[in-house]
Amino acid sequence: MIWTVYLSGEIHTDWREQIAAGAEAAGLPVEFTSANTDHESSDAAGDFLGKPENNFWRDHQSSKVNAIRTKTLIEQCDLAVIRFGDKYKQWNAAFDAGYCAAMGTPYITLHDEDIVHPLKEVDAAAMAWAQTPEQVVELLKYVTA
C-alpha cells in the first residue's frame with residue numbers, strides 16, 4: 001500500500017522537505033500532498049475571477065478557490081501532518097486539524113513544546129504529537145511497516 005500523507009500548516013520553514021527527504025531515504029511507501037505553499041499565489045488564487053471591492057472579499061474569493069484543493073486532498077489522504085510554527089498563528093492549520101478530526105482522518109501534530117497549551121484541543125484529537133520532522137519520519141516508518 002502506498003500511503004498518502006497530507007502536509008498542512010506553517011509555510012516559512014523547510015519541514016516538508018525534511019520529512020520528504022527522510023521518508024525517501026528510508027524507502028517508505030508514502031506520497032505527500034499539500035496545499036499551495038506559495039503565499040503570494042495562494043493569496044491571489046481567485047484574482048482571475050474579478051476584482052473584489054475590498055480585501056475581505058479578495059481573501060474570501062481566494063480561500064474558496066484554495067479550498068477546492070485543500071478539501072479534496074485532505075479527503076483523499078490516509079494521514080495528515082499538521083505543523084504549527086512559532087512565528088505566525090496558523091489558523092488554517094487548526095481548521096485542517098478540525099476537518100481531519102470531524103472526518104475521522106488520523107493526524108499528527110508537529111510543534112514545539114512552548115505552544116502545547118494553546119493547542120491542547122487540537123493535540124487531544126491527534127493520534128500523536130511530534131516536535132521534529134525526524135520524529136514524524138519515525139512515526140511513518142512504524143505505521144507503514
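1. Gly27 and helix H1. Just after H1, Gly27 has a positive phi of about 65 degrees. This is a predicted model, and the angle is a computed one. Within H1, Trp15, Arg16, Ile19 and Ala23 are buried. Around the axis they cover an arc of only 105 degrees, which puts them on the same side of the helix. Exposed residues on the other side of H1 are Glu17, Glu24 and Ala25. The buried residues of H1 pack against S1, S2, S3, S4 and H6.

2. Overall fold. The protein chain has 6 helices and 5 strands. From the N terminus, the order of elements is β-α-β-α-α-β-α-β-α-β-α. For 145 residues, a compact globule would have a radius of gyration near 15 Å; the chain has 16 Å, which agrees. The C-alpha trace spans about 50 × 35 × 30 Å along its principal axes.

3. Of the 145 residues, 38% are buried. Among contacts with a separation of 6 or more, 62% join residues 24 or more positions apart. The accessible surface is about 8700 Å², and carbon and sulfur atoms account for 56% of that surface.

4. Helix H6. This helix covers residues 133-144 and has 12 residues. From first C-alpha to last it reaches 16 Å, close to the 16 Å expected at 1.5 Å a residue. Pro133, Val136, Val137, Leu140 and Thr144 are buried in H6. Viewed down the axis of H6, these buried residues fall within an arc of 100 degrees, so they line one face of the helix. An α-helix has 3.6 residues a turn, so residues three or four places apart point the same way. The buried residues of H6 pack against strands S1 (3-9), S2 (30-34), S3 (79-83), S4 (107-110) and S5 (128-130), and against helix H1 (15-25).

5. The cores. The largest nonpolar core has 16 residues. Which members touch the most others? They are Ile19, Val81, Leu110, Val136 and Leu140. The elements giving two or more residues to this core are S1, H1, S3, S4 and H6. Another core, of 15 residues, lies apart from it; Tyr6, Phe84, Ala93 and Val122 are among its members.

6. Helix H4. At 1.5 Å a residue, the 13 residues of H4 (91-103) should span 18 Å; the end C-alpha atoms are 18 Å apart, which agrees. Ala93, Asp96, Ala97 and Cys100 are the buried residues to check in H4. Seen down the axis of H4, the buried residues fall within an arc of 100 degrees, so they line one face. Trp91, Phe95 and Ala102 are exposed on the other side. The buried residues of H4 pack against S1, S3 and S4, and against helices H3 (55-76) and H5 (120-125). Gly104 follows H4 and has a positive phi, near 80 degrees.

7. Thr4. This residue is in strand S1. Is Thr4 buried or exposed? Thr4 has a relative accessible area of 11%, so it counts as buried. Setting aside residues up to four places away in sequence, Thr4 touches Glu31, Thr33, Gln76, Cys77, Asp78 and Leu79.

8. Ile108. Strand S4 holds Ile108. Its relative accessible area is 5%, so Ile108 is buried. Beyond its neighbours within four places in sequence, Ile108 is in contact with Leu79, Ala80, Val81, Ile82, Ala128, Ala130 and Leu139. Lys89 is 19 residues from Ile108 in sequence; in space the two lie 18 Å apart, C-alpha to C-alpha.

9. His111. The loop between S4 and H5 contains His111. With a relative accessible area of 0%, His111 is buried. Leaving aside neighbours within four places in sequence, His111 contacts Arg83, Phe84, Val116, Leu119, Asp123, Trp129, Ala130 and Gln131.

Definitions and conventions. Residues are numbered from 1 along each chain as its sequence is written. This is a predicted model: local features need pLDDT of at least 70, side-chain atom pairs count only at pLDDT 80 or more; totals for chains, interfaces and linings use all residues. Side-chain values use heavy atoms; hydrogens and water are left out. Helices (H or I, at least four residues) and strands (E, at least two) are DSSP runs, numbered from the N terminus. The expected span of a helix is 1.5 Å times one less than its number of residues. Buried means under 20% relative accessible area, exposed over 50%, partly exposed in between (1.4 Å probe, protein chains only). The arc is that of the directions from the helix axis to the C-beta atoms. Contact means heavy atoms within 4.5 Å. A nonpolar core is a set of buried Ala, Val, Leu, Ile, Met, Phe, Trp, Tyr and Cys residues joined through side-chain atoms within 4.5 Å. The radius of gyration is taken over C-alpha atoms; the globule rule is 2.2 Å times the number of residues to the power 0.38. Accessible areas come from the Shrake-Rupley method with a 1.4 Å probe; for residues, only the protein chains shown count as cover.
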